[in-house]
Every structure is written in structure tokens, then in C-alpha cells.
Amino acid sequence: MQAEVEFWRVLLEQEPTKSSSHWSEFLIAGQRLGFLLNDFGEELVGCSSVPVLEVDEGAMKATIDRAKGAGAVVILDGLNNPKMNSIVLASPGGHEFELCNCRSHE
């Protein structure tokens, strides 16, 4: 969990609101984003929920670089697709998230 918390600290540039050996939370724009450490042998399969973090167009490259520098890997790069205009990454712990210039869709 320590590596996962450190990754999100670097990406979000903030401290978690809760952090323990198995559960951590970050408060983002009034919403809580929680992470569970699965070290109890349960097989987790798939997820249909991916947090979308809105990033200003001018800050997108720096945010992606910060995420990659902290250990994220690119799952799907749709930055050059005007219908998507976002990138999906996974943290070192495997949590997928999307960085989006969502205002371009409005």
C-alpha cells in the first residue's frame, strides 16, 4: 500500500485523507477515491469503474510525465482522437485511471 499511496501523492500532488496498511483515500474535488490492498488472496476480476481526472490541456503533458515518472503505464492513449481526447493509465498497483481534457467535449 505504501507504494500505491506514494504514486497517488506524486500524481495528485496532495496527501491522503486516510492511510493504513490496507486502505487509503484521497479527497479530490469533494469526492473520495479509495484504494484497497488485495493481499488476502481474493481474485479480483475486472472493473467497470475508472476514475476520470480532468486536466487542463496546458497541463496534460506535465501530468502524464508525472504519472509515468511515478510508475504508471499507459493502457490506452486516445489523446490524438478528438472523440476521446484522453489517456488511460494504470498505477503501479494496477488501478486504472483516465486523464482527460473533458472540457473539449462540452
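Which residue of S6 is the bridge partner of Val-74? The points below lead to the answer.

1. Basis of the model. This is a predicted model, in which local features need pLDDT of at least 70 and side-chain atom pairs count only at pLDDT 80 or more, while totals for chains, interfaces and linings use all residues. Residues are numbered from 1 along each chain as its sequence is written, and side-chain values use heavy atoms, with hydrogens and water left out.

2. Overall layout. The protein chain contains two helices and seven strands; helices (H or I, at least four residues) and strands (E, at least two) are DSSP runs, numbered from the N terminus. Along the sequence, these elements follow the pattern α-β-β-β-β-α-β-β-β.

3. Burial and surface. Of the 106 residues in the protein chain, 32% are buried. Buried means under 20% relative accessible area, exposed over 50%, and partly exposed in between (1.4 Å probe, protein chains only). The accessible surface of the protein chain is about 6700 Å², and 51% of this belongs to carbon and sulfur atoms; accessible areas come from the Shrake-Rupley method with a 1.4 Å probe, and for residues only the protein chains shown count as cover.

4. The three-stranded sheet. Strands in the order S1-S2-S3 form an open sheet with antiparallel pairing; two strands pair if DSSP finds at least two bridges between them. Strand S1 (18-19) and strand S3 (31-36) are the edge strands, each pairing on one side only. Helix H1 (residues 2-12) packs on this sheet and touches S1, S2 and S3, and its direction makes about 10° with that of S2. Contact means heavy atoms within 4.5 Å; axes are lines fitted to C-alpha atoms, for helices over the stretch in contact, and angles run from 0 to 180 degrees between N-to-C directions.

5. The S2-S3 connection. Strand S2 (residues 23-28) runs antiparallel to S3 and is joined to S3 by six bridges. Ile-28 has Gln-31 of S3 as its bridge partner. Ala-29 lies in the loop between S2 and S3. Although Ala-29 is a residue other than glycine, its phi is positive, near 50°. Ala-29 counts as exposed because its relative accessibility is 78%.

6. Glu-13. Glu-13 is not a glycine, yet its phi is positive at about 55°. With 61% relative accessibility, Glu-13 counts as exposed.

7. Strand S6 and its partners. Strand S5 (residues 73-78) pairs with S6 in the antiparallel sense over five bridges, and Leu-89 of S6 is the bridge partner of Val-74, which answers the opening question. S6 also pairs with strand S7 (residues 96-100), again antiparallel and over five bridges; here Ala-90 has Glu-96 of S7 as its partner. S6 and S7 form a hairpin with five residues between them, and Gly-94 in the turn has a positive phi of about 90°.

8. Burial of S6. Why is strand S6 (residues 86-90) largely enclosed by the rest of the structure? Five of its five residues are buried, so the strand counts as largely enclosed. In a regular strand the side chains alternate between the two faces of the sheet. Both faces of S6 are covered, with Ser-86, Val-88 and Ala-90 buried on one side and Ile-87 and Leu-89 buried on the other.

9. Asp-56. This residue, Asp-56, lies in the loop between strand S4 (52-54) and helix H2 (60-69). Asp-56 counts as exposed because its relative accessibility is 54%. Asp-56 and Arg-103 are 47 residues apart in sequence, and their C-alpha atoms are 8.2 Å apart in space.
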